[in-house]
Amino acid sequence: MNYTSTRDNSISVSSAQAITMGLSKNGGLFIPTEIPEVTMDEIKDMIGMSYIERAKKVLSLYLTDFTEDELNYCVNGAYNGTFASKSVAPVVNIDETMNILELWHGPTCAFKDMALQLLPYLLTVSAKKTSDGKTIVILVATSGDTGKAALEGFKDVENTKIIVFYPDDGVSPMQKFQMITQEGQNVNVSAIKGNFDDAQNGVKKIFGDAAMAEKLAEANMMFSSANSINWGRLVPQIVYYFSAYCDLIKQGRIELGEKVNFVVPTGNFGNILAAYYAKLMGLPVNKLICASNKNKVLTDFITNGIYNRNREFFTTNSPSMDILISSNLERLLYHLQGNDSDKTSALMKSLSETGTYTVDADTLAKIKELFECGFCDDEGTNATIKNVFNSNKYLCDTHTAVAISVYENYRKATGDKTPTVIDSTASPYKFCASVLDAVKGDCGDADEFTMVDELSAYTGAAIPSPIANLKGKTPRFDKNICGKDEMAGTVLSMLGIK
Ligand SMILES: *Cc1c(COP(=O)(O)O)cnc(C)c1O
């Protein structure tokens, strides 16, 4: 199977090349040129498999230039013994139609681990095939969770270095503490004075900078990306949609072939795009429900076909979704416009020049057929955390609460009784202050780890060991901060390049 670019259909590369490069020329994203099909019989076979076996099955369809041994090495390394739950991504039933897919049992307690435990393996195996011994420099812009998950995944991985930029005021105290205390010889972390979009734009600019690429090449290095623009981040996420579906069958909640809804708390559109690929491959999906917080650029887009980032940016209590430019939407647009890279390029050009674009009526109709959408502000998020805890004894984080709230409104409005899976994207302990505030009321100015203990005492929910183990760690990177226009210089100095 080959991969091409959303902005240039003449490009054709292998999956190993797509994963090593991360981003294509002209800022385009790599997409597969065909979508592999999974039959109902194959899904039936997957019901009895472990998560690791299900992952091998799905990945083998996309990474056709990987040998079976290579895939085994990657998938076993990523998921064998690294997740606190034996099933890796368990499905928990809440009520008649609502089920929660817990994606946060990995080493950093956020769903990013699902992909970022695997990506370093995919990338180093890919690099062996394609990059003649160059050191891979992973550049990451993070809204909080990707940064830590990538640092943890790439820590001390041979022939790699990783540099993470996070918005100074845009991450939770726990997220920041997780990053600035990161261990490992090949890691570096810096705050930037700006928001997530500034960090992401800065990283994209560095990727597109020919002079920077040349400087790295002279030092026998090359850039790659661990953000969800990298295909190697996206493909592992397709797996858990198949896995959740199989688990629902196993639990007797659905019959093989029955359709389900997926509700995804969305920021960069990576997670929900993976669900879209699962549907294209043949997974029986009714609606993909895109949940946003107060930064509801996607709700508006799915409603009226106009993407407009020229609006106020809100800092919310679900910070990993505080995003106005959802990069992976580009992949969806490419597919819905008949795999047309000219049309996609034109929209992206309009986005970068004017901050807005409008899709044609045909594309909007396709979007509405596939997606439902909604948003939830901070008050609604808090009320949902409290309600779900009081009525179902289930404690969820703020991002998951956004999704539950959007789903409850959808269910009320439509009466849709389709069995539904809601992606739970982080442990409540990553957003302790907000969650404690929601279930218990004002939590005062207690320090982060006091709140962790308080939340556990109040709710009885177990503290994940990666959070408990952070207590008392000494910060390494707390002094690093740069302007949003100084990121390239920061990268070079961190790499020791003049
Ligand atoms: C990254 C993240 C999201 C958003 O996921 P996208 O793939 O960017 O849409 C939602 N919730 C949490 C907790 C996250 O870390």
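Author: A backbone N or O atom of Gly-267 lies 2.8 Å from an oxygen atom of the ligand, a polar contact in the sense of a pair of N or O atoms within 3.5 Å. This is a predicted model, in which local features need pLDDT of at least 70 and side-chain atom pairs count only at pLDDT 80 or more, while totals for chains, interfaces and linings use all residues. Residues are numbered from 1 along each chain as its sequence is written, and side-chain values use heavy atoms, with hydrogens and water left out.

For Asn-268, a backbone N or O atom is 2.7 Å from a ligand oxygen. Gly-270 has a polar backbone atom 3.2 Å from an oxygen atom of the ligand. On its own the ligand has 380 Å² of accessible area, and the protein covers 98% of this (Shrake-Rupley method, 1.4 Å probe).

The ligand sits in the largest cavity. A cavity is a set of points, on a 1 Å grid over the protein atoms alone, where a 1.4 Å probe fits but cannot get out; a molecule sits in it if more than half of its atoms lie within 2 Å of its grid points.

Around the ligand there are 15 residues, of which Lys-112, Asp-145, Gly-267, Asn-268 and Thr-425 come nearest; a residue is near if one of its heavy atoms lies within 4 Å. By class, this shell has 5 nonpolar, 8 polar and 2 charged residues, where Asp, Glu, Lys and Arg count as charged, and Gly is among the polar ones.

Technical notes:
Polar contact = N/O pair within 3.5 Å; in protein donor to acceptor, adjacent residues only side chain to side chain. 1 Å grid on protein atoms, 1.4 Å probe; cavity = no way out; pocket = protein on both sides within 12 Å on 5 of 7 lines; lining within 4 Å.
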